[in-house]
Amino acid sequence: MIHGTKSLGFTEKTMLNRLFPFIISLLLIAIPDGGANAQGSFSQKGSFELGGVAGMPSGLNTRYWFTDYLGIDSALGATISKDFAFTTDLLYEPFNLYGDSSMSLLFFFGGGFLLGTDEGDFRAALRLPVGLDLPLRNYPVNFSLYAAPVMIMTPHTAFDINFGLAARFNFGTYSTIRQSQASTSRELMAVRRGLGETRDKLDQAIEALGKAREELGSTKGDLDGTREMLKKTEGDLSSAKNRLDQTEDELGSVKTRLSDTKDALDTTRGQLVSMQKELDDTKVQLDVTKKDLDNAKKNLDDRESDMARKQAELDIMKTISRNAYSGENKKVHDEKLEKEQKNLDREMEEFKKEKEGWEEKKKNQQAKFIKFKERCEARRGFINEDGYCTCRAHETWNSDQSTCVCVKGYRLNTKTDRCDPCEIIGFDGACTAGCRNDEAMVPMKSGPHKFVCVKRCRSEHETWSKRKGTCVCEDGYYRDNTGKCVPRR
C-alpha cells in the first residue's frame, strides 16, 4: 500500500508532532466566513456520488455532501502492489476557481485516515488530501484530481504521498436534470397542443376552399352548356372569386396574428423567467445579509461582554487603590486607572454607534423580506421552507396571467382559496360541466375525480347522431364496404 518510505528518527518525529497541530490550525484559519456561498447558484448539498478512482490506491470511490461545501469521501481498493487499502476523508470545498453554465472548477482540501496492509502488515496513517473537482452541470458526472501527504502511524512512523484521478456519477445532479427535462417536455406538449388546434382550423379553412372550388367547377360546366346561362351566372362567378380572395386575405391575417401571438408569448416567457430569477436573486441576497447580520450581532455581544469584564476589573482596581495605596503611589495608580477608564468609555461610545448601525440594518432586512413576501403572495404564491417563492399544491405558473393557477382537472375554490379536484373531467383531463352528445360519462374507479367524458365515436371522420343513437359519417363522407368513413367523390 505504501512503498518507498523511510522510517523517521527521533528529531523528525518531534518535528512532525509539532508541525501537525500547526497545519491543522492553518486549515481552520483558512475557512472563510462566506464559504456557504462560495459556489454561487451551484448546489451539491445532499448529493451522493458513486464511481471509481485510479492511483494510490485504485478502486471504488464514493462521496456524500452534507452541505454545499462540506462532504465525506471514501475509497476501497488496492495499491499497485495489490495491497488492500481503505480511505475516508472529510473534505472542505470553499473556492470556485472557474464556473459557467456547463461546469465548475472547485478547489478542496481536508483530512482523514487510511487503513490497509503492506506485504501482510497492518498499516494506519493520517492523510491531508488537496485537489480539484470538475462537476458538470448538464451531465451527472464529477471528475476529481488530488494529492494527499500521508503520515504512517503504525507499526512505525514514516511519510509518503497518495494521488489519484477519480470519476463519479452524481445522483443529485441526475435528479435535477431529470426534473428540468420533465418541465421542458410539459411545455413542449402544451405548444404542440396549441399548434394542433391551429392546424385543425387551417384544415377546416382548406376544406371550405375545396367546397367553394367544387361549386365553382359546377357553375363553370353550366356556363359551357349555354351562353345565356353564362351571362346570368357571370356575376355569381365574380362574387365567388371575391369571396375566395377575401378568404385568402383572412387566412393571411390569421397567420400574421398567430405569428404576433407567438412573439408576444416568447417575450412574456422571457419576462417571467427574468421575474422568477429576480425573486430567487432577492432570496439569496436576503440569506447573505441575514448571515452577515448574525455574525455582526455575535461580534457585538462578544465586545459587550469583554467591555463589561474590563469595567468590572477597573472597579476592583479602584477599590484596591482606595484601600491599599496612599500618598504618591496612590496618586500614580489613580492616574493610570483614570486613563484606562477614559479609554474604556471611548470604546463603549464606539460600541453604541456600531450597535445602532446594526439595528438599522436589521430593520432594513426585515422590510426587504416583507416586500419579497408581498410580491410572492401577489402572484398567489407562498414562501416555502427553503425561503423560495413557489405555487401551492395542484397549482402551476401561468405565463399569460402572470400568476399561479390550478392545474388541469382542478378548479379554484373561492371559499378556501385552494384548488379542488373537479367532479367531471374531459378526455383531455380538463374540467367540464358535463359531457357532450357524442361523449359518454364513465365513473372513475380511482383518483380524485368522479367521472370522465369518453368519446362515443372513436373512428376517424365519425360523429354521434342523437336521432339515430349511433355513430354516423361526417358531412362530405360516406361509409365504404370496410366500414370506414371516406370522402365522397
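**Rings, patch, cystines and a sheet**

Reader: What makes Phe169 partly exposed?
Author: Phe169 has a relative accessible area of 32%. Buried means under 20%, exposed over 50%, and partly exposed in between (1.4 Å probe, protein chains only). The value for Phe169 falls in between, so Phe169 is partly exposed. This is a predicted model, where local features need pLDDT of at least 70, side-chain atom pairs need pLDDT 80 or more, and totals for chains, interfaces and linings use all residues. Numbering starts from 1 along each chain as its sequence is written, and side-chain values use heavy atoms, without hydrogens or water.

Reader: How do you know how Phe48 and Phe171 pair, stacked or edge-to-face?
Author: The structure holds 9 aromatic pairs. In the pair of Phe48 and Phe171, the centres are 5.8 Å apart and the planes 25 degrees apart. Rings of Phe, Tyr and Trp (its six-membered ring) pair with centres within 6.5 Å; planes under 30 degrees apart are stacked, over 60 edge-to-face, the rest tilted. By that rule, Phe48 and Phe171 are stacked. Phe48 sits in strand β1 and Phe171 in helix α2, so the pair ties together parts 123 residues apart in sequence. Helices (H or I, at least four residues) and strands (E, at least two) are DSSP runs, numbered from the N terminus. Phe48 is partly exposed at 35%, and Phe171 is partly exposed at 38%.

Reader: Why do Phe169 and Phe171 get their label?
Author: Their ring centres are 5.1 Å apart and their planes stand at 75 degrees, so the pair is edge-to-face. Elsewhere, ring pairs link Tyr69, Tyr92, Phe95, Phe107 and Phe109 into a cluster.

Reader: Which residues form the nonpolar patch on the surface?
Author: Among them are Phe48, Leu90, Phe169 and Phe171, and the patch has about 1,000 Å² of accessible area together. Elements giving two or more residues are β1 (48-56), β2 (58-65), β3 (70-78), β4 (84-99) and α2 (171-225). Areas come from the Shrake-Rupley method with a 1.4 Å probe.

Reader: What makes Leu90 count as partly exposed?
Author: Leu90 is in strand β4. Its relative accessibility is 44%, so Leu90 counts as partly exposed.

Reader: How do you know that a disulfide joins Cys406 to Cys419?
Author: A disulfide is a pair of cysteine sulfur atoms within 2.5 Å. The S to S distance of Cys406 and Cys419 is 2.0 Å. The link is left-handed, with -85 degrees about the S-S bond. Cys406 lies in strand β13 (residues 403-406) and Cys419 in strand β15 (residues 418-421), so the pair ties together parts 13 residues apart in sequence. Cys419 is buried at 6%.

Reader: What makes β17 and β18 a pair?
Author: Two strands pair if DSSP finds at least two bridges between them. β17 and β18 (residues 451-455) have 5 bridges, in the antiparallel sense. One of the bridge partners is Val452 in β18, facing Val442. The open sheet of 3 strands has the order β16-β18-β17, with mixed pairing. β16 (424-425) and β17 (439-443) are edge strands, each pairing on one side only.

Definitions and conventions. Patch = residues over 30% accessible without salt bridge, like charges linked within 9 Å, V, L, I, M, F, W, Y side chains within 5 Å. Salt bridge = Lys/Arg side-chain N within 4 Å of Asp/Glu carboxyl O.
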